[in-house]
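Student: I have a new structure open and would like to go through it with you. Could you take my questions one at a time?
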Amino acid sequence: MNGRQMKLGMSIWRHGYHVAAWRLPEVPADSMMNVRRFIDVARAAERGKFDLVFMADVLGSHYIEDEDRSKTRGHTVVKNDPLQILAAIAVSTSNIGLVSTISTTYAHPYTAARAFATLDQISGGRAGWNIVTSYNMEEARNFGLSAPADTATRYERAFEFIEVAKGLWDSWEDDAFPVDKERGIYVDRSKLHVLKHTGKHFSVRGPLDVPRSPQGQPVLITAGDSDSAKELAGRYASIAYAGQPQLHLAAAYYRAVKERAVANGRSADDVKVLPGIMAYVGRTEAEARAKMEKAQDLVLPEVGLAMLKPFFGDLSAYDINDPMPLDVETLSSNWNKSDFSKMLIERARDEKLTIRDMYRILAVGEDWHISMAGTPEQIVDRMEEWFFGGAADGFNVQPPDTPGGVDDFVDLVVPELQRRGLFRKEYEGTTLRDSLGIARPKHPAA
Ligand SMILES: Cc1cc2nc3c(=O)[nH]c(=O)nc-3n(C[C@H](O)[C@H](O)[C@H](O)COP(=O)(O)O)c2cc1C
């Protein structure tokens with residue numbers, strides 16, 4: 001048995017990660033709005049000893065500009081504020097980490113530092129911040145911009161933002177609040193450190209009006225792919241989400257992030273790289289495939305065509321049962337010439353795929369994570385391949401549907417991981433840092 005074990009996060013995406021999950025009869029219609037559903041998912045993940053639950057976020061209504069698309073993908077146009085949902089989850093769970101996104105482009109470091117320090121207090125040390133710089137058009141338009149700023153500008157602001165947040169979290173030493181009733185001393189001002197930050201993007205005096213939180217500093221996580229994002233991961237993050245669909249691509253990302261960690265004076269193991277996996281699980285492969293087909297059959301053609309558009313341009317002039325047009329010249333001039341699109345075209349040629357086949361590949365997210373249907377053994381085999389193949393320290397589990405896909409992973413895949421010694425059977429402690437095996441940072445003045 002190898003001593004190294006995987007880290008696992010459960011992404012909560014309302015009805016599930018399959019684009020048509022919301023249409024499955026067994027998926028509750030109120031999965032988006034009813035906080036009880038989110039709590040149930042988190043409790044199931046905690047039953048499976050997951051390190052964390054994660055809620056992604058964008059400050060905008062996805063696809064709202066596109067009337068047809070928003071009608072058929074209506075589950076993406078509305079949501080609730082994830083940090084408030086995590087606060088509700090915090091009081092209904094005891095060990096699982098609670099991670100959400102706050103954008104360094106549209107938030108302010110004072111309010112972000114305050115929100116995560118508070119979540120860390122509420123949860124007894126389980127808060128994590130997924131740092132994103134926001135490339136979406138919808139968000140830009142909600143914050144007075146006609147388009148998002150370029151990557152370099154967004155990340156420059158992110159680096160300063162993080163330094164400010166970290167400085168604010170150290171506003172107070174751990175023992176700054178004696179609350180000495182006898183002597184009438186609430187606060188020991190010798191333990192106060194006022195940040196007084198003045199930089200290019202922010203001017204923040206401090207101190208933060210939240211005491212130092214149980215983890216000292218909430219856990220930092222990031223998910224970008226650009227060079228700046230990898231530098232950010234190497235310098236600050238304890239977890240980097242990888243958005244790569246193939247082992248060799250994820251392995252290159254893995255190496256780059258670890259190299260940057262070492263270049264920043266950290267150890268390679270200080271940042272855990274977690275690629276995504278969306279798995280349909282069955283007791284037999286046929287059962288797993290049947291579950292996947294059931295969701296695939298619910299993908300409306302207009303949704304499928306909308307998903308193909310960013311890759312291949314507008315294919316609505318074709319019948320969906322037509323063979324996928326293979327000549328890239330006949331595809332619309334704005335087709336995306338990424339390696340992934342080229343790989344899809346090769347695949348369409350080799351496997352004689354129709355347009356419908358092609359959008360079903362995207363419906364299960366083959367463009368950005370491992371996507372498969374199989375038995376627990378088959379799924380763990382694939383996870384092991386990435387884990388020992390230098391591409392993963394664990395996985396960001398993206399259940400195809402909720403709650404069924406969550407329960408399947410927890411009750412069928414986790415026991416197989418545990419049987420092979422690849423995953424914990426009990427939590428190591430009560431904080432997210434305990435689970436990840438990363439130390440609580442000492443206060444600089446301590
Ligand atoms: C697992 C995962 C989760 C992500 N979550 C978010 C999110 O919540 N909000 C967001 O705006 N972007 C999110 N992203 C996008 C990344 O933050 C990033 O912008 C994207 O990968 C492009 O990389 P770049 O920013 O370095 O160009 C996520 C990406 C991945 C792979």
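Student: Which backbone oxygen does the side chain of Asn 95 reach?
Tutor: The side chain of Asn 95 reaches the backbone oxygen of Gly 429 at 3.0 Å, a polar contact, meaning a pair of N or O atoms within 3.5 Å where, within protein, one must be able to donate a hydrogen and the other to accept it, and where residues adjacent in sequence count only if both atoms are side-chain atoms. Please keep in mind that this is a predicted model, in which local features need pLDDT of at least 70 and side-chain atom pairs count only at pLDDT 80 or more, while totals for chains, interfaces and linings use all residues. Residues are numbered from 1 along each chain as its sequence is written, and side-chain values use heavy atoms, with hydrogens and water left out.

Student: And where is Asn 95 placed?
Tutor: Asn 95 is in the loop between helix 3 (82-90) and strand 3 (97-103); helices (H or I, at least four residues) and strands (E, at least two) are DSSP runs, numbered from the N terminus.

Student: Is Asn 95 buried or exposed?
Tutor: Asn 95 counts as buried because its relative accessibility is 16%, where buried means under 20% relative accessible area, exposed over 50% and partly exposed in between (1.4 Å probe, protein chains only).

Student: New topic: which residues are closest to the ligand?
Tutor: The closest are Asp 57, Thr 101, Tyr 155, Asp 225 and Ser 226, out of 17 residues that surround the ligand, counting a residue as near if one of its heavy atoms lies within 4 Å.

Student: What lies 2.7 Å from an oxygen atom of the ligand?
Tutor: That is a polar side-chain atom of Thr 101. A ligand oxygen is also 2.9 Å from a polar backbone atom of Asp 225, and a ligand oxygen is 2.6 Å from an N or O atom in the side chain of Ser 226.

Student: How much of the ligand does the protein cover?
Tutor: The protein covers 83% of the 620 Å² of accessible area that the ligand has on its own, with areas from the Shrake-Rupley method and a 1.4 Å probe.

Student: Now helix 14, where does that bend?
Tutor: Helix 14 bends by about 30° at Val 413, and Pro 415 follows within four residues; the bend is the angle between axes fitted to the seven residues ending there and the seven starting there. Among the buried residues of helix 14 are Val 413, Val 414 and Leu 417.

Student: What about Pro 109?
Tutor: Pro 109 is found in helix 4 (residues 109-123), and because its relative accessibility is 0%, Pro 109 counts as buried.
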